[in-house]
Amino acid sequence: FTSLRECKMQDFGSLILEELDKANQLDSLKFAQRHEVDEQKIVGAIKSLESLGDVIQTKIYQVKSWQLTAEGKEVAANGSHEYRVYSAVPDSGIQQSKLMSSCGAFGKVGFSKAMSAGWIKIDKSQGAPVVMKLVESASDTVGEHMVLIQKGESEKVDAKLKGEYKKRKLLEEVVDKHYTINKGTNFRTKIEKAPTELTADMIASGTWKTTSLKPYNLDALGVETGGGCLHPLLKVRAEYRQIFLEMGFSEMRTNNFVESSFWNFDALFQPQQHPARDAHDTFFISDPATSDRFPKDYLERVKKVHSVGGFDSQGYGYDWKIEEASKNLLRTHTTAVSARMLYRAAQAPQFVPQKLFSIDRVFRNETLDATHLAEFHQIEGVVADYGITLGHCIGVINTFFTKLGIEKLRFKPAYNPYTEPSMEIFSYHEGLGKWVEIGNSGMFRPEMLLPMGLPEGVNCIGFGLSLERPTMIKYKIDNIRDLVGHKVNLEMVKRNPICRIDKSGTGEERRLQVLNRRWANIESKLSCIQKQMEVMGISTATAHGMAADSSDGNLMDVVIKVHPDKPPYSLQLLLNVLKKRFKVAASTHTHSSVKSAGSLVLSSDESRITADVKITLIYSNVTRPTMIVKNAQIQGEENIVRYLARILDSRGGGNLYESLDSKVVAQIDNILDRLTDASKHSVSTLIPGILTKSKYLAGNRVTIADILAYSLCKQAAVSNSSIKDWSKRVEDAIAKM
Amino acid sequence: RLEVDPSVSSVRPFVVGAVLRGVTFTKARYDSFIDLQDKLHQNLARKRTLASVGTHDLDTIKGPFKYMAKPPGDIKFIPLNQTKQFTSAELMELYSTDSHLKPYLPIIRDSPVYPVIYDANGVVLSLPPIINGEHSKITLKTKNVFIECTCTDLTKGKIVLDTLVTMFSQYCTKPFIIEPVETLINGKVEVYPSLKYRTETIKAEAVSNLVGVDQRPAQVADLLSKMCLESKVNKDETITVTIPPTRHDVIHPCDIYEDVAIAYGYNNIEKTTPKTLTVAQQLPINKLTDQLREAVAQSGFTEALTFSLCSRDDVGAKMRKKIENIPAVHIANPKTLEFQVARTALLPGLLKTVQANRKMPLPLKLFEISDVVLKDLGTEVGARNERHLAAVFYNKTPGFEIIHGLLDRVMQLLEVPLSADKSSSGYFLRTSTDESYFPGRAAEIVAYGQVIGRLGVLHPEVITGFELNLPCSGLEINIEPFL
């Protein structure tokens with residue numbers, strides 16, 4: 001190399017290997033210093049060598065050193081604060097205020113330090129305090145020390161003083177990590193850099209057959225997808241819309257924000273003096289201010305029922321005014337549209353039953369706060385037919401909310417000018433632990449329906465809720481402005497999940513649901529196998545089955561076939577436990593299909609004749625470990641372990657698997673699955689990952705998760721310190737069982 | 001007796017009254033009495049506009065009482081909790097800073113005459129609906145209470161009086177005995193409180209059919225008795241229900257049915273499903289909107305949801321347009337600038353969303369498909385909604401081609417072909433000028449011979465008007481022609 005500083009990472013790698021070949025051990029710091037390069041580059045090369053498998057072995061060691069802070073550097077350059085204050089005092093003294101203003105930022109600290117060092121004093125005899133020198137000259141030790149430390153000679157400064165400087169924030173202690181490098185078991189000096197991706201050239205030339213690709217880092221995140229996203233609230237709207245459509249409700253034409261008071265209030269039998277019609281609650285329109293095109297005869301009937309009654313009603317007994325009804329406004333509820341739709345249905349030659357819904361904006365001139373805006377989306381459902389009852393109303397609402405995943409409902413009397421009976425809808429909120437109001441409902445008053453011309457006997461139920469409120473609860477949003485309007489955070493829009501409105505619960509609950517489903521799946525498969533076995537004339541005892549086989553004196557007689565490359569170390573552990581509880585006969589054989597036996601030999605002193613448990617291990621050319629038990633086959637080491645553990649748990653008080661808490665069992669199954677799918681590399685990362693939280697893989701005691709993992713680690717010869725410690729712990733725990 | 005002078009007809013025409021004898025007030029009862037009046041004033045009497053109550057110590061005043069209207073300067077008395085006399089004109093001044101009374105002043109302030117009640121000796125009882133006189137003030141020692149209730153809506157006045165006396169007559173020496181007061185109006189004498197009982201005859205079957213529970217007449221009568229509605233089953237199985245003067249809310253048999261349902265318990269009613277068979281139908285414009293929203297999001301734009309109300313400047317000045325030239329619907333009583341008009345375009349809302357998300361990685365690609373509101377005198381209410389699609393692209397370069405690409409994609413999805421000969425066979429762009437766009441960088445979109453919207457690079461003054469500093473292109477079209 002002409003210049004090492006221009007070396008690439010790979011070149012450093014080769015150099016490290018060459019030097020290591022000669023020296024047997026290297027130190028990253030010294031190596032970097034020798035070659036005058038940044039140690040970080042060397043560390044990068046080391047990491048890259050580590051990823052090649054066991055080419056090198058490394059050990060991290062830490063070195064603490066002292067470094068100047070920004071303030072410390074300033075002191076090294078200009079002297080200590082106290083020295084600078086001292087130097088600023090003329091022999092004739094100086095007014096304290098003048099001194100402080102001339103010293104600037106360091107003045108205050110410097111002054112008190114110089115005072116305590118006894119370099120200066122204050123004379124207050126003249127009125128205004130005057131600072132005088134107390135010694136003729138002072139030496140700036142602090143400044144000198146800073147210079148020493150800056151030069152890297154911090155050992156020349158007393159440790160106690162360094163502690164003091166640290167308190168003064170002049171110094172800080174930094175910890176550097178360095179590596180000691182040794183040869184690994186696969187040490188070699190030549191490294192070929194593994195290509196990272198499959199290329200068109202490789203496919204064309206066929207070199208892919210001999211090329212080994214650099215393994216992917218599966219723990220990193222993928223590249224973010226492009227594309228746009230839909231708004232969270234409108235995703236929820238789509239769900240509600242879908243539910244109404246599933247229930248046979250048709251969508252109302254609600255695209256008319258501007259409405260007349262007549263349709264918004266009067267048609268609904270809402271009296272003209274009702275507080276909701278106050279300007280404090282409703283947005284009135286100044287342009288176009290009024291409407292006048294109302295159906296004449298209908299208007300007369302509305303006027304009559306309000307002022308003097310009719311249709312069996314006493315009316316409100318007031319002077320109804322067309323001027324009030326003509327006022328335009330921004331609709332305060334979509335029920336204004338429902339009124340138009342019902343009026344239209346009443347005009348048809350023959351009444352056709354109606355099931356209607358809408359989800360659209362409504363407007364209230366309200367005081368705004370974290371949960372209220374001047375506009376929000378109202379969800380509304382209406383059913384009109386002969387013979388509709390309050391029981392139907394409750395039934396429809398119940399079906400609707402069940403589809404939303406809300407099942408605990410209660411109804412409470414309420415007041416609403418256009419419904420009678422009226423009901424507030426409450427649901428039990430598991431999170432808050434109380435009943436919360438989620439909507440309003442009721443049967444429209446005859447004074448509203450009959451003037452429209454709907455036939456006697458047609459009843460109409462209605463219910464409504466806001467779209468924002470349940471959405472805020474679902475997505476745990478506290479401020480409505482974070483959900484609706486221009487202040488919404490687009491990042492939130494992007495991250496928002498698809499809306500599965502009937503699926504609630506935390507991530508943990510959902511994970512358990514998945515595990516439960518998988519467990520149910522396993523059970524149904526087992527019962528299927530059991531049925532097959534029954535057909536084949538093999539007797540089985542219980543659903544969990546084969547493990548609970550109740551033969552007296554002959555608990556189990558199994559043959560296990562494994563490939564010599566994968567000795568079942570799990571069996572060795574389980575055998576130790578079995579031996580303490582039962583009379584166990586074990587023997588090991590080698591089939592002619594393989595050249596040699598595996599490194600594990602199971603044996604015992606018990607004779608097969610007296611033994612309750614008989615295990616025969618045969619090394620043969622099988623791809624997966626296979627256990628033969630009474631003509632049935634169990635495949636895979638994890639399932640063999642499960643089988644043996646069931647026997648131990650049910651007959652020997654083993655507490656290794658299904659006798660444990662169901663959450664732990666689910667956890668064990670999850671780990672067994674992951675281990676079964678894991679490659680050698682991922683086994684070595686998977687286990688330490690789980691172990692950071694606890695001493696054992698599942699729960700707080702040794703289980704078959706540990707036993708299988710132990711076996712896989714040993715087969716793969718994975719050994720790092722955390723796995724070694726844990727392996728020892730597993731062996732000890734088994735020995736104590 | 002209350003004598004009504006015709007002078008009140010223009011300001012507050014009616015008055016009703018009653019007397020409660022031998023009332024024993026405790027602190028709690030007194031507070032409750034005041035509270036009840038307050039509640040009635042706020043709700044039923046709609047903040048004293050429809051009716052207002054004055055209560056007086058009858059032993060300090062002498063009937064008959066005169067209800068008349070006089071010019072503000074001519075009414076002079078010591079109002080409640082004051083020590084000196086004020087004219088009613090001065091009182092308007094005094095109470096204009098009083099947070100409690102201030103809201104009621106406009107009810108009479110601009111009337112040439114103010115209503116006032118005098119006793120036989122000329123003592124002012126009250127200046128309705130504002131304040132009572134100090135002279136006849138009720139204290140814990142008061143025994144005999146004179147209640148007057150002036151009103152603009154006689155029905156409401158009667159209800160207020162009925163409610164007040166029915167609630168408080170139990171504290172009289174002879175409980176539930178109320179002394180009536182005559183009102184002499186237009187030469188006729190009316191006696192109040194009316195305390196009218198009324199009966200309603202209902203059928204158990206009708207109740208069962210409405211509520212959805214099977215109840216015999218006797219059971220219905222039982223349930224109604226629980227709700228304090230006296231009920232009796234007649235020979236023909238009908239039920240006669242007596243509605244007391246405390247239940248002015250019962251105006252229709254359905255109000256009685258509700259009481260049955262409440263007494264039965266809403267949560268005890270069996271949940272049933274209506275047999276109504278219907279075929280569901282989506283609103284075509286909403287279906288199209290949802291399909292387009294999906295497609296535009298798939299094209300890489302993120303959906304915004306902005307308010308349909310905004311300030312005049314948002315659609316006007318900030319977009320370099322004159323508000324007078326925009327067919328906007330104006331709101332008469334906005335509490336803040338944010339609710340002056342209904343939006344006439346979606347672009348301002350999108351630009352505000354960009355403004356709030358300036359710190360996000362570029363480019364920002366946003367869209368919204370929603371309603372705008374346009375004044376249109378050809379419609380029933382004089383205004384209509386129009387479904388628009390709008391999109392913006394905000395980046396270091398204007399990205400006209402990106403926005404243009406989105407338009408082409410939307411047209412492709414709507415099966416509108418590009419019309420090469422610029423005819424009405426499909427869509428094409430043509431140069432246009434619009435204040436909101438940079439000159440020479442704006443085009444109008446013509447589809448099937450009709451202008452459906454615009455696209456282009458927004459004018460720098462529009463960009464800076466929304467507190468942005470990078471180029472931005474925008475698109476806004478009406479999608480209703482494609483239904």
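Which residues does A:Arg642 touch, not counting residues up to four places away in sequence? They are A:Tyr657, A:Asp669, A:Leu672, A:Asp673 and A:Ile704, where a contact means heavy atoms within 4.5 Å. Before we look further, please note that this is a predicted model, in which local features need pLDDT of at least 70, side-chain atom pairs count only at pLDDT 80 or more, and totals for chains, interfaces and linings use all residues. Residues are numbered from 1 along each chain as its sequence is written, chains are lettered from A and ligands numbered from 1 in the order in which they are written, and side-chain values use heavy atoms, leaving out hydrogens and water.

A:Arg642 sits in helix α22 of chain A, residues 637-652. Helices (H or I, at least four residues) and strands (E, at least two) are DSSP runs, numbered from the N terminus. With a relative accessible area of 8%, A:Arg642 is buried; buried means under 20% relative accessible area, exposed over 50%, and partly exposed in between (1.4 Å probe, protein chains only). Its side chain makes a polar contact of 2.9 Å with the side chain of A:Asp669. A polar contact is a pair of N or O atoms within 3.5 Å; within protein, one must be able to donate a hydrogen and the other to accept it, and residues adjacent in sequence count only if both atoms are side-chain atoms.

A:Pro129 is partly exposed, at 26% relative accessibility. You will find A:Pro129 in the loop between β4 (120-123) and β5 (130-133) of chain A. The C-alpha atoms of A:Pro129 and A:Gln95 are 6.0 Å apart, although 34 residues separate the two along the chain.

**Chain A as a whole**

Chain A has 26 helices and 21 strands, and 49% of its 737 residues count as buried. Among its contacts with a separation of 6 or more, 69% are between residues 24 or more positions apart.

One of the helices, α15 of chain A (residues 335-347), has 13 residues and reaches 18 Å from its first C-alpha to its last, close to the 18 Å expected at 1.5 Å a residue. The expected span is 1.5 Å times one less than the number of residues. Helix α15(A) is mostly covered, with 10 of its 13 residues buried; among them are A:Met341, A:Leu342 and A:Tyr343.

**Sheets and strand pairs**

An open sheet of seven strands in chain A runs in the order β7-β11-β12-β16-β15-β14-β13, with mixed pairing. Its edge strands are β7 (250-251) and β13 (409-413) of chain A, each pairing on one side only. Two strands pair if DSSP finds at least two bridges between them.

Over in chain B, all seven residues of strand β25 (residues 472-478) are buried, so the strand is largely enclosed by the rest of the structure. One side of β25(B) carries B:Cys472, B:Gly474, B:Glu476 and B:Asn478, and the other B:Ser473, B:Leu475 and B:Ile477. Within β25(B), B:Ile477 stands opposite B:Leu389 and is also the bridge partner of B:Gly453.

Here are the strand pairs together:

| Strand | Partner | Sense | Bridges |
|---|---|---|---|
| β13(A) | β14(A), residues 419-429 | antiparallel | five bridges |
| β21(B), residues 383-394 | β25(B) | antiparallel | seven bridges |
| β24(B), residues 450-458 | β25(B) | antiparallel | five bridges |
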